[in-house]
Amino acid sequence: MTTFDSSLMTPEQFLLHLWQQNQGAISRTLLACEADPAARQDLKQDVFLALHQSVSRLQEAQNPRAYLFRIVHNVTVDHIARAQRFKWQPLEDDIHHVMLQECPSAEVDERQQNQQLMNAVRRLSPANRQVILLAMEDLDAPEIADILQVSHGAVRVRLNRAKIELMELMQHDR
C-alpha cells in the first residue's frame, strides 16, 4: 500500500482514497462474514457509512488502515450479533452450482476449494474468524492487536487457535 499525505486532502478525498486502497480487503472480510449477497451489500453500505461518520478520526489516526479495520470489525460484530439474535437464515445460492457446471475442470477445482475455505471460515467462532480474516489481509500481529484492542500475545494465541479450528473444519468437510 502506498503512503500518502492525508493533510493535503479533503476528508472526502481521504475517505475515497482509503476506500479504494482497501476495498478488496473489505469485500473479502464481508464475504467471509455474510454469505447472502444482498445482506453483504447492505453490510458494505453500513461499513461505508460508519467510515464516513468517522472520517475525521480516520484522517487523524496514526495508522488509518488499522483504524479502518477496527471500524469494519465493529460493524461486522454488530451484524453477526443481530443475525444471531434474529436467527436469519440465508437463502441457498444455486447460482454457484450453475457456474461450476459451465467452468473447465481446473477452474471448478479451484472454485470448489475456495468455496470450501469460505464455508469453513464462516463456521469459525466469531473471534477466530475475525483474527484469521485480518491475517489473511496481510495485517501483522501489532496491527491486528490494535484493531481488536488486545495484546500481541493474545493475537498470536487467537491466530494459532483459529488455524487449528480452520484445519479441523476443512478436514471435516473432506
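**Exercise 1. Work out the accessible surface of the chain and the share that belongs to carbon and sulfur atoms.**

Solution. Start with the total: the accessible surface comes to about 10700 Å². Carbon and sulfur atoms hold 52% of that surface. Areas here come from the Shrake-Rupley method with a 1.4 Å probe, and for residues only the protein chains shown count as cover. Next, turn to burial: 39% of the 174 residues count as buried (under 20% relative accessible area, with exposed over 50% and partly exposed in between; 1.4 Å probe, protein chains only).

A word on the model before going on: it is predicted, so local features need pLDDT of at least 70 and side-chain atom pairs count only at pLDDT 80 or more, while totals for chains, interfaces and linings use all residues. Residues are numbered from 1 along each chain as its sequence is written, and side-chain values use heavy atoms, with hydrogens and water left out.

**Exercise 2. Find which residues touch the most other members of the largest nonpolar core, and which element gives the most.**

Solution. A nonpolar core is a set of buried Ala, Val, Leu, Ile, Met, Phe, Trp, Tyr and Cys residues joined through side-chain atoms within 4.5 Å. The largest one has 42 residues, and Val47, Leu51, Leu58 and Leu68 touch the most other members. Among the elements that give two or more residues are H1, H2, helix H3 (55–60) and helix H4 (64–86). H1 gives the most, with 9 residues. For a close-up, take Leu51: leaving out residues up to four places away in sequence, Leu51 touches Leu15, Trp19, Leu58, Leu68 and Ile71.

**Exercise 3. Classify the aromatic pair.**

Solution. Rings of Phe, Tyr and Trp (its six-membered ring) pair if their centres lie within 6.5 Å; planes under 30 degrees apart are stacked, over 60 edge-to-face, and the rest tilted. The structure holds 1 such pair. The ring centres of Trp19 and Phe48 are 5.0 Å apart and the planes stand at 85°, so the pair is edge-to-face. Trp19 sits in helix H1 (residues 11–33) and Phe48 in helix H2 (residues 37–53), 29 residues apart. Trp19 is buried at 10% relative accessible area, whereas Phe48 is partly exposed at 33%.

**Exercise 4. Locate the salt bridges, then check Lys44 for one.**

Solution. The criterion is a side-chain nitrogen of Lys or Arg within 4 Å of a carboxyl oxygen of Asp or Glu. A search of the whole structure gives 2 salt bridges.

- Arg28 pairs with Glu137, with the closest N and O atoms 2.7 Å apart. Arg28 is in helix H1 and Glu137 in the loop between H7 and H8, 109 residues apart.
- Asp146 pairs with Arg70 at 3.1 Å, N to O. Asp146 lies in helix H8 and Arg70 in helix H4, so the pair ties together parts 76 residues apart in sequence.

Finally, Lys44 in helix H2 is buried yet has no salt bridge. With Lys and Arg counted as positive and Asp and Glu as negative (His and the chain ends are not counted), the nearest side chain of opposite charge to Lys44 is Asp42, 12 Å away.

Key
Helices (H or I, at least four residues) and strands (E, at least two) are DSSP runs, numbered from the N terminus. Contact means heavy atoms within 4.5 Å.
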